[in-house]
Amino acid sequence: PAWGFGENFLAACTKAGGDWIAFCDQDDVWYPDKLENCATHFDTEGVVLVAHAADLIDGTGKTIGQFPQGIFHDAVRPPLAHDPWSTFWGFSLVFKRRLLDLCGSAERFVDYIDPRHLIAHDRWICFLAQTVGKTAELSAPLAGYRQHASNAFGAGDRRVRNIRQETVARHRGYVEATRSMLRIIEMMPPWAEHAFPAFDRARALAYFGAALGQLEARSAVYEKDRWRGALHASHNLMHGVYVDVCSGRTRWRSLWRDVIFCASPGGQDPTAPGATTAGGRPR
């Protein structure tokens, strides 16, 4: 994969000397009280990541909407409380620097959103943080997320895609990434549990193992012809494959994606997003 913005951010992180690091994108706007509000959780036991909501702003800085990222009230979430593939956007993160010592950035896996690159810096940090520690979520908008034509990713990004080809490729990316997540958790150093007391390695392996099992069960839908794929989707529904390993709720959107895949001979899907936000999951 090519060197990209993710590598730039993570390389810069290695130069930081503080205990906490905040990502700052060049076209977004930090509000004056951002770091002050985030810092209220720096001493909260077990917290390794702080994420906050934001305003959407246009090219002139005018507020044009809200970007809550699924954060609607203040909370401190335990490890493994988020979807295995969820993320918060980089500009909204402040994280404990010690996370970088768990695994070198070169060990990152291919990004399931953009396979031209290794996983982006913010998704990488969210994966590490939400595996080994607690996440503090702040519902106050503490930054302006700028929307304009040159966004690398945008809140409203939508692309027209071929359902069958793109769904198969996208699914394979999620399977590969989740297998790598398990590998990385296994290889985390022996001191990880001491440095991050909330980290339960066995529970984390079981959690991501269950997520991988669901993805592999869904693979049968994509690898068969349309009718046999539909039968596999029905079988998966009856056997809990579409149940979220985090919340226990049915993944209706994932089920709907599989049904559409089986029903379509290769049409277009105008709703497929080009990026996931918090709560993102296999499409």
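**Close-up views of a predicted model**

**View 1. Helix 7 (residues 226–238) and helix 8 (residues 252–263) pack at an angle of about 160 degrees, their axes 8 Å apart.** This is a predicted model, in which local features need pLDDT of at least 70 and side-chain atom pairs count only at pLDDT 80 or more, while totals for chains, interfaces and linings use all residues. Residues are numbered from 1 along each chain as its sequence is written, and side-chain values use heavy atoms, leaving out hydrogens and water. Helices here are DSSP runs of H or I with at least four residues, and strands are E runs of at least two, numbered from the N terminus. Axes are lines fitted to C-alpha atoms, for helices over the stretch in contact, with angles from 0 to 180 degrees between N-to-C directions. Helix 7 and helix 8 are therefore roughly antiparallel (an angle over 145 degrees).

**View 2. Here is where helix 7 meets helix 8.** Arg226, Gly229, Ala230 and Leu237 of helix 7 meet Leu255, Cys262 and Ala263 of helix 8 (contact means heavy atoms within 4.5 Å).

**View 3. Trp124 belongs to the largest nonpolar core.** That core has 46 residues, and those touching the most other members are Phe95, Leu99, Phe109, Tyr112, Trp124 and Phe127. Leaving aside neighbours within four places in sequence, Trp124 is in contact with residues including Leu10, Cys103, Phe109 and Ile184. A nonpolar core is a set of buried Ala, Val, Leu, Ile, Met, Phe, Trp, Tyr and Cys residues joined through side-chain atoms within 4.5 Å.

**View 4. Ser92 sits in the loop between strand 5 (75–77) and strand 6.** At 0% relative accessibility, Ser92 counts as buried (under 20% relative accessible area, with a 1.4 Å probe and protein chains only). Not counting residues up to four places away in sequence, Ser92 touches Lys34, Val50, Ala51, His52 and Gln69.

Note on methods: Parallel < 35°, antiparallel > 145°, perpendicular 65-115°, else oblique. Buried < 20%, exposed > 50% of the residue type's maximum accessible area, 1.4 Å probe, protein only.
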